[in-house]
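Visitor: I am new to this structure and would like to learn how to read it. Could you show it to me and then take me through it feature by feature?

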Amino acid sequence: MTDSLLSVRDLQVKFRLPAGAMTAVDGVSFDVKPGEVLGIVGESGSGKSQILFSLMGLLASNGTARGTASFQGQDLLALGPMALDSIRGVTLSMIFQDPMTSLNPYMRIGDQLAEGLRVHKGLSKAEAWKAAVAMLDRVRIPDAARRARHYPHEFSGGMRQRVMIAMALLVRPALLLADEPTTALDVTIQAQVLDLMAELGREIGTAIILVTHDLGVVARLCDRVIVLYGGRVMEEGEAEVLFASPAHPYSQGLLAATPRLEDALTKRLGTIPGTPRSGGAMLPGCPFAPRCTLKIPICDATRPPLIAIAPERLVSCHLTGAT
Ligand SMILES: Nc1ncnc2c1ncn2[C@@H]1O[C@H](COP(=O)(O)OP(=O)(O)OP(=O)(O)O)[C@@H](O)[C@H]1O
Ligand SMILES: [Mg+2]
């Protein structure tokens, strides 16, 4: 795809462990077009965060990433620390699961926001502060000019997340990587925060990769969605189409556990029988085969390729086309 902002090809993330190597992401490929919102959905441990971390060059020290991730003409996976620093927080931003991990507790909120603009965009101190306050106001921090002088601990959890969004979008990045907030925030507040992020992203023209467990969030905010299981893409498609007719037994199970799409607006991923894969050696066949009620012998033996069943619609399942 030539119109892609980000093109990830055959991404593999492995971790070295005392017991041997663990594959967390196994040959994942996808594209993000300018301005679109791509959802990555899957159970805990399916590799969602590690995809984002590898793109940001932030894998844990025992991890390595292979493959390519072409972003605005550069391969993110091949860049050294200096080159990555000139992209991170400039054209590529990330919002982490826990906002406190990326806010400096000893620095005033306004200064933290202004810093990026001064360092990367060459704004004066006064200009950067003014832009920071305007952005805090934009993410609905009440009395932004005064609050900008406060420190992170003086903000509530929901406000800190809005600050993270302000910080990530202030530089007007081409792409925002957003890992689902799992803090103990009220579900309605989480929804408001994510809605605000999508709204601002649209306004600025920033594409977003949104990692989430929440089908409601995907249905409401995403243009396209990737369903991940055991570090592999099970299915990909336009969010509306995929929800209307999931093709992979795993996605069918997830959606069946959520009775109706309207209910998906308030519910999280349903539970399907069996235990999610917990790493270790990769199976020779489909990672979902041990839990799949529809499996046939080939599913345990051979990995199904990810094939196009319609334009913009990919499925990795031996049953596709066979039934
Ligand atoms: N440093 C590490 N060393 C070994 N294994 C790791 C390391 N970091 C992550 N993993 C493993 O990689 C797999 C994928 O993890 P990842 O954090 O991407 O999951 P996730 O889909 O984001 O889950 P969640 O929804 O719970 O955030 C998991 O099995 C996890 O235990
Ligand atoms: Mg995660």
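**The ligand and its surroundings**

Guide: An oxygen atom of ligand 1 lies 2.8 Å from a polar backbone atom of G45, and such a pair is a polar contact, defined as N or O atoms within 3.5 Å, where within protein one atom must be able to donate a hydrogen and the other to accept it, and where residues adjacent in sequence count only if both atoms are side-chain atoms. A polar backbone atom of S46 is 3.2 Å from an oxygen atom of ligand 1, and for a backbone N or O atom of G47 the distance to an oxygen atom of ligand 1 is 3.1 Å. Taken alone, ligand 1 exposes 640 Å², and the protein buries 72% of that; accessible areas come from the Shrake-Rupley method with a 1.4 Å probe, and for residues only the protein chains shown count as cover.

Visitor: Before we go on, what should I know about the model and its numbering?

Guide: This is a predicted model, in which local features need pLDDT of at least 70 and side-chain atom pairs count only at pLDDT 80 or more, while totals for chains, interfaces and linings use all residues. Residues are numbered from 1 along each chain as its sequence is written, chains are lettered from A and ligands numbered from 1 in the order in which they are written, and side-chain values use heavy atoms, with hydrogens and water left out.

Visitor: Which residues come nearest to ligand 1?

Guide: A residue is near a molecule if one of its heavy atoms lies within 4 Å of it. Of the 16 residues around ligand 1, those that come nearest are S44, G45, K48, S49 and H213. By class, this shell has 5 nonpolar, 9 polar and 2 charged residues, where Ala, Val, Leu, Ile, Met, Phe, Trp, Tyr, Cys and Pro count as nonpolar, Asp, Glu, Lys and Arg as charged, and the others, Gly among them, as polar.

Visitor: Which element gives the largest share of the shell around ligand 1?

Guide: Elements here are DSSP runs numbered from the N terminus, with helices (H or I) of at least four residues and strands (E) of at least two. The largest share of the shell around ligand 1, 3 residues, comes from α1.

**The chain as a whole**

Visitor: How many helices and strands are there in the protein chain?

Guide: The protein chain has 12 helices and 12 strands. Its 323 residues include 52% that are buried, a word that means under 20% relative accessible area, with exposed meaning over 50% and partly exposed in between (1.4 Å probe, protein chains only). The accessible surface of the protein chain comes to about 14500 Å², and 56% of it belongs to carbon and sulfur atoms. Among contacts (heavy atoms within 4.5 Å), those in the protein chain with a separation of 6 or more are made to 64% by residues 24 or more positions apart.

**Individual residues**

Visitor: How many disulfides does the count come to?

Guide: A disulfide is a pair of cysteine sulfur atoms within 2.5 Å, and by this rule the count comes to 0. C286 is in no disulfide, since the nearest cysteine sulfur, that of C299, is 6.5 Å away; C286 counts as buried at 9% relative accessibility. C292 is likewise in no disulfide, with the sulfur of C299 as the nearest cysteine sulfur at 6.3 Å, and C292 is buried, with a relative accessible area of 15%.

Visitor: Is S7 buried or exposed?

Guide: S7, which lies in strand β1, is buried, with a relative accessible area of 14%. The side chain of S7 makes a polar contact with the side chain of D31, at 2.5 Å.

Visitor: Where is F96 found, and which residues does F96 touch?

Guide: F96 is found in the loop between β6 (92-95) and α3 (109-121). Not counting residues up to four places away in sequence, F96 touches F53, L58, T101, S102, M164 and D179.
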